[in-house]
Amino acid sequence: MNAVKLPLRAEVDGDLGSAIVNVISVDVEDWFQVGAFASVIERDDWGSLSDRVDRNVREILDLFDAAEVSATFFALGWVAGRHGGLMREIVARGHELASHGWDHGRVFRMERKAFAEDISRARKVLEDAAGVPIRGYRAPSFSIDRRTPWAFMELAEQGYTYSSSVAPVSHDHYGWAEAPRFAFRPLPGLPLIELPVTTAMFAGKRLAAGGGGFFRVIPYSFTRWAIRQVNGTENRPAIFYFHPWEIDPGQPRVAGAPLKSRLRHYTNLDKMAGKLRQLVGEFAWGRMDLLAHREAARLDSEALV
């Protein structure tokens, strides 16, 4: 295996001078594993479908290399078990590898025991594949919310140091509108930190501004405005995410899926890579584990005041 490279534009402590270092993250799943198609594609059929995640992730790795950006890749255990070489390549190129659970099951549809088994199974496969410890977790579809009070405790008991599993907005598929917008400790007295995906404020309302389908569909100027608001007015880092299938306009079309799901999934796939290149060139970016370390120190300092 190639020697592990240090993060590129961000130093180990995340310092880029006066620039705020935001986090860019990739939820590593294939086109057929998304929640939008869960009603028409059975999990038992995944193994027989066109596998495009390897080529898409490698294209993203090249895009990040060209921009000298380091990132965090939240990978499904199901994917890691089939693409061990890809997991090692992610780490070798200076990025953090973290867990996205086993097979994209939403946490609010699980009982605690099933969740415990899911994150344990995924972590073992990821660590075996890449040869590095897995400390971070992101729930599929940001599915940790008020319905899952036990999820953070389970993550803490299994040794995870941070989660990025909360979308502090209202949404038809997910969301925890009452959650804090920025890093918080969900369990008093325990070190686990939650790093919610970014929202912006307009007319007193929270707007989803952390990437994914919103980034693909809405003009780039909105994301620029939102990140500048978070970095400038609020002096905080933004947390951005996207998926490998979002840069792949050649992926198969799922004709039987609901129209709304198809519109969300396929709109502007051909424009996504270009928008990402613009984004990574305009702002400073780094890894989630480095942000978690900085935010933990900030929260500890505030607690002493």
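Helices α6 (213-217) and α8 (259-266) each contribute at least two residues to the lining of the largest pocket. Helices here are DSSP runs of H or I with at least four residues, and strands are runs of E with at least two, numbered from the N terminus. A pocket is an open set of points on a 1 Å grid over the protein atoms alone, with protein on both sides within 12 Å along at least five of seven lines, where a 1.4 Å probe fits; lining residues have an atom within 4 Å of a point.

Before I continue, please note that this is a predicted model, in which local features need pLDDT of at least 70, side-chain atom pairs count only at pLDDT 80 or more, and totals for chains, interfaces and linings use all residues. Residues are numbered from 1 along each chain as its sequence is written, and side-chain values use heavy atoms, with hydrogens and water left out.

The volume of the largest pocket is about 660 Å³, taken as the space filled by probe spheres set on the grid points, which are joined across faces, edges and corners. Among its 29 lining residues, those closest to the centre are A36, H171, H173, Y174 and R264. Helix α6 provides the largest share of the lining, 4 residues. By class, the lining comprises 10 nonpolar, 12 polar and 7 charged residues. In this scheme, Ala, Val, Leu, Ile, Met, Phe, Trp, Tyr, Cys and Pro are nonpolar, Asp, Glu, Lys and Arg are charged, and the others, Gly among them, are polar.

I turn now to the salt bridges. The term denotes a side-chain nitrogen of Lys or Arg within 4 Å of a carboxyl oxygen of Asp or Glu. By this rule there are 25 salt bridges.

One of them joins D54 to R58, with the closest N and O atoms 2.7 Å apart. Both residues belong to helix α1 (residues 53-67), and because they lie 4 residues apart there, about one helical turn separates them. D54 is partly exposed, at 23% relative accessible area, where partly exposed lies between buried (under 20%) and exposed (over 50%), using a 1.4 Å probe and protein chains only. R58 is also partly exposed, at 30%.

A second example is D65 with R93, at 2.8 Å from N to O. This pair connects distant parts of the chain, 28 residues apart: D65 sits in helix α1, and R93 in the loop between α3 (84-92) and β3 (96-99). D65 is partly exposed at 28%, whereas R93 is buried at 13%. R93 also meets E89 in a salt bridge, at 2.8 Å from N to O. Elsewhere, salt bridges with shared partners join R52, R55, E59 and D248 into one network.
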